[in-house]
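Please keep the sequence and the model in view while going through the points.

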Amino acid sequence: MTPWKYRQNACMMSTITPRPFIAQTLWDHARMQLAKLVEALKNECTRLRAEVHRLKGKVDELSLNEEAFKGNDDMVQELTGLPSYAKLMVVFTFLSGFLKCSPRLSPFHSLVLTLMRMRRNLPLYFFVYFFHMSKTSVFRIFNSTLDVMYVRLSPLIYWPSKQQIQVSLPMCFRDNFNNCTSIIDCFEIFIEKPKSLSARAQTYSQYKHHNTVKYLISITPQGVISFVSKGWGGRTSDKHITENCGYLEKLSPGDVILADRGFSVKDTVGLYCAQLKIPAFTKGKQQLHPLELEATRGLAAVRIHVERVIGLVRNKYTVLQTTMPLSLCQGATKGQPTSLDKMVTVCCALCNICPSVVPTE
């Protein structure tokens, strides 16, 4: 190689960057890019965790668990009909050992579902989408919870002794009805028109002009529901229901029962050494005697409380204001209470937990 070519090759080699230096530069650049990517991913992960935490809080609020109701008595009253969170938890504690669990719903959710269904008359499809369950599962949970509530809460509707009533007798009863132990009336719930002609005739109410199921209800002077009968066809008279529903067996000698004119069971009540007081009849009279008029006014003033209690039950649990399907009016076996009977009994028992509509003074 000539000296000139040697010098030319030496100059060219001096201008070429060594390969190890290039590799180190590329590695540093890649490491910087990876570091930036890791930092971006960390920030994204932190943001997503905060978002998940926020959404989880909202889900907890919508899940209707104990924490959602805690300290919010207005929410409890609007969704369940019970006056406070404390009473809701008392009812849940009383029932929790008997409520069935499901993969998606806890016992508390099952109770809330049933109470909301009766309180707000929410359709089953609302709970299907709310709890992400099938309609069959929601229907099964509602029926099983209702059965438990019927068995466990029915004792809240009990017949107190005369001494227990006298201890806290309201002032409006003490002047003329101090021996009163029961105020009775009937209320009716609309049902679908049966296909059977005989069933259609038995349930058609001339008073309501609709097919109905009729219940006899009794309250104490304090406004506590002391008796609820099973359902009867709307055509059945008040007298027949009173004499055949088991109400008369609750009476004891000396009891005074207040009722409306339709309850012409004075003789039957007399067989139990009790007394029935109803408003005076105007049939065959131009006008009532002043004494009868005064007695009728006094009776109407206190008998109105049973209608107020009936209104409380129907307004608190609005499912009783709707037209019930015939499937709820059929018992599993003859003589057994129907689903509608259970629902009415549970609603009355829950109303006994709430404050009374009858003033004590």
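The points below concern salt bridges, helix packing and cysteines.

1. Basis of the note. This is a predicted model, in which local features need pLDDT of at least 70 and side-chain atom pairs count only at pLDDT 80 or more, while totals for chains, interfaces and linings use all residues. Residues are numbered from 1 along each chain as its sequence is written, and side-chain values use heavy atoms, with hydrogens and water left out.

2. Salt bridges. Side chains of opposite charge can pair when their charged atoms come close. A salt bridge is defined here as a side-chain nitrogen of Lys or Arg within 4 Å of a carboxyl oxygen of Asp or Glu. The structure holds seven salt bridges.

3. The pair D255 and K162. One of the salt bridges joins D255 to K162, with 3.4 Å between the closest N and O atoms. This pair links distant parts of the chain, 93 residues apart: D255 lies in the loop between α12 (238-244) and β6 (256-258), and K162 lies in helix α9 (residues 162-167). Helices (H or I, at least four residues) and strands (E, at least two) are DSSP runs, numbered from the N terminus. D255 is buried, at a relative accessible area of 2%, whereas K162 is partly exposed at 24%. Buried means under 20% relative accessible area, exposed over 50%, and partly exposed in between (1.4 Å probe, protein chains only).

4. A network around R303. Which residues are linked with R303 in a network of salt bridges? The network contains D185, R303 and E307. The closest N and O atoms of D185 and R303 are 3.8 Å apart. D185 is in strand β1 (residues 180-190) and R303 is in helix α14, so this pair too joins distant parts of the chain, 118 residues apart. For E307 and R303, the corresponding distance is 2.7 Å. These two residues are separated by about one helical turn, because they stand four residues apart in helix α14. D185 is buried at 11% and R303 is buried at 8%, while E307 is partly exposed at 34%.

5. Helices α14 and α15. Two packed helices are described by the angle between their axes and the distance between the axes. Helix α14 (residues 290-316) packs against helix α15 (residues 339-353) at an angle of about 110°, and the axes are 10 Å apart. Axes are lines fitted to C-alpha atoms, for helices over the stretch in contact, and angles run from 0 to 180 degrees between N-to-C directions. The two helices are therefore roughly perpendicular (under 35 degrees is roughly parallel, over 145 roughly antiparallel, 65 to 115 roughly perpendicular, and the rest oblique). Contact, meaning heavy atoms within 4.5 Å, is made by L312, V313 and K316 of α14 and C347, C348 and C351 of α15. Five of these residues are nonpolar, none is polar and one is charged. Here Ala, Val, Leu, Ile, Met, Phe, Trp, Tyr, Cys and Pro count as nonpolar, Asp, Glu, Lys and Arg as charged, and the others, Gly among them, as polar.

6. Cysteines. How many disulfides are present? The count comes to zero, a disulfide being a pair of cysteine sulfur atoms within 2.5 Å. C351 is buried at 6%, and C354 is buried at 9%.
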